[in-house]
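Hello,

Here is the structure I said I would pass on. My notes on its aromatic side chains follow below.

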Amino acid sequence: MHMTSHFPMSYQLKVPVLGLVSLRFFAKSSRCFSSSTPKTRRLTKQECLIHLQHCKSMKELRQIQSQVFRIGLSQNRDAVNKLLVFCTDPKSGNFHYAERVFSYTEEPSLFLYNLMIRASTKMGDLRRCVSFFVRLREDGLSPDNFTFPFVLKAIGCSKMVLEGKKIHGLIVKTGFEFVSFVRNSLMDMYTEMRDVETLQFLFEENPERDLVCWNVLISGYVRCGKFEDALVIYRRMREESGFKPDEATLVSTLSACAALRNLELGKEIQLYIKSGLEFTVLLSNALLGMYSKCGCLVQARQVFDEMPVKNVITWTSIVSGYVNSGQIDEARELFKRSPVRDVVLWTAMINGYVQFNQIDEALSLFNEMQTRGLKPDGFTVVALLTGCAQLGALEQGRWIHGYIEDHNIRMDAVVGTALIDMYAKCGFIEKSMEIFLKVDERDRSIWTAIICGLALNGQTNKALELFSEMKLAGVKPDDITFIGVLSACNHAHMVDEGRSYFESMRTIYQIEPKLEHYGCLVDLLGRAGKISEAEDIVEKIPNIDNADDLLPLWGSLLGACKIHGNVETSERIAKRLSAKESNNPGILILLANIYAAAERWEDVNRVRRKMKSLGVQKLPGCSSIELNGVVHEFLVGGSSHPEISNIYSLLNDMSRVMFSSEENLRSIKT
């Protein structure tokens, strides 16, 4: 019997008869069959099946299989089933051997296909799983409720949207739509594809929701970033269903609480666990993470100290909690105490140093990580690149870029975005463009990074050109993208275009503008001298709970008034701010300057007295320079730098040379 043409080439062998294969392929194993069985006697069918049932290793299986072929059981359904059950076992089997056995089966059953589909999914070979499913259908077999869940998992994780819709239609057609296990797997597939609408539809249309169905929806909302919706479903489950939350329910809900900083519900869940559930490592880690992200380090430390068993996730959560609260030294002490450190924990500590601009310590820890034999991943280098971007440390950023290339770290959208951002903030926008063009999979973040980078470096036309290309590529901009677009319009004084882009946020993309977007528009209009229009916009900004949030916008308008000499509007805004008793140092300083420009000295003195009573001082300016890979920071009037005496001495020498040169030039002219 010849192999069917739809098999991949890797499965097609040239031996047409299975009997010949048994003589060649299994000859070696037949010679080393267990000595407990006499070589002169062939095993019976029943004995072969019993041996297969109790097989312990692949070596033993090969020995038994040689006997299976010798007595003519190569196509016996029971024998082949038991062979593949063992070969597809992830602990003791061998998937490649299973493939070879499967390829010689003349009429593979649905059971065998299900074994191969499940094994492919569990070993992460998702496309091979889908390939087996296609072959199953081509062989005229109908998938069952054991087939669909693994195929749905593979399709979801592979983001095969079209294939997902096709298999959804097949499930409806074959009547498996309301089989709970299949439907829950279908919901999980749409979660992986971030299709929240279909996920919710499947849930609402389900007439018989079990606890797993509720859990899949809650988990799906959390994974898709719909944290508020996740908490709504959690409350619905408590009120509408007769199910009590289990470990899976609570872990997902605590994740949503952590994201929303919903401490009240988090504490409520902790009391629920105490009332009857066991504090497993998984639940305790979820509680610890929730308290850490909410900034409640006392409660987080209490949960941590009470845990009898701690894993690396536990240590990562507590270290991250101290990092996020600014207690970097305590975080480092806990990091040192951790008995096991994976890449995630090292990255959390490195990221902590980056957050507090301690880039040298971050790089030192990065080097120590490598000496201990751990291979940094993309997230590690992204943390370091973020620090370089914050400090403008171009040389260190270049070194990390070289490390990425030398160690074959995949240039995905996350790493590409970090590199683009670093080079752009260091003023090397040409390199940012070079990286952008090299990245094949461009998501929204990488488009946003290059648009914002171009706007930051004054290449406004190119930024807006790429924004148009982004839309043509079918990538939907988000609120951060529009900050870059509006900034580009601001730099180029493109008032009409800025208005148009601002309006398109609501009308085309359904994005509600934030204060940052209003700030860009107000600054654009103010610079163009359209102060009345800008003032009207600030007056009408919706959904402002705290009026102090508008102070930066009023400050921007005051700055525009000063530039354009609009004393009347500046006085009106000044009265508004005075009525609010603003204690914002920047606003007070700007207010005093405007009163001084209008020669209203009594008002100047009043504002300055207020500044003095509040202890308001103008923050000193700060600059930094990178020299030989080290970033040096300087404050105006500061003297903390270890080389400050030599620096001032050199500046004095330079001043004398410059003054002498100027005097010589004057004498030549006269």
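Phe-203 is buried, its relative accessible area being 0%. Trp-214 is buried as well, at a relative accessible area of 3%. Please keep in mind that this is a predicted model.

By the ring-pairing rule, the model has 16 aromatic pairs. One of them is tilted: Phe-133 and Phe-148 sit 6.4 Å apart, centre to centre, with 55° between the planes. Phe-133 belongs to helix H8 (residues 126-138) and Phe-148 to helix H9 (residues 148-157), so this pair links distant parts of the chain, 15 residues apart. Both of these Phe residues, Phe-133 and Phe-148, are buried.

Why does the pair of Phe-203 and Trp-214 count as edge-to-face? The ring centres of Phe-203 and Trp-214 are 4.9 Å apart and the planes stand at 75°, and planes over 60 degrees apart count as edge-to-face. Phe-203 is part of helix H12 (residues 196-204), while Trp-214 is part of helix H13 (residues 211-223), so the pair ties together parts that lie 11 residues apart in sequence.

There is also an aromatic cluster, made up of Phe-467, Phe-482, Tyr-501 and Tyr-509.

Two arginines lie over ring faces:

- Arg-238 is over the face of Tyr-272, 5.0 Å from the ring centre.
- Arg-341 is over the face of Phe-335, 4.5 Å from the ring centre.

Regards

Technical notes: Residues numbered from 1 in each chain as written. Predicted model: local features only at pLDDT ≥ 70, side-chain atom pairs only at ≥ 80, totals over all residues. Heavy atoms only, no water. Phe/Tyr/Trp six-rings, centres within 6.5 Å; stacked < 30°, edge-to-face > 60°. Helix = DSSP H or I, 4+ residues; strand = E, 2+ residues; numbered from the N terminus. Buried < 20%, exposed > 50% of the residue type's maximum accessible area, 1.4 Å probe, protein only. Lys NZ or Arg CZ within 6 Å of the ring centre and 35° of its normal.
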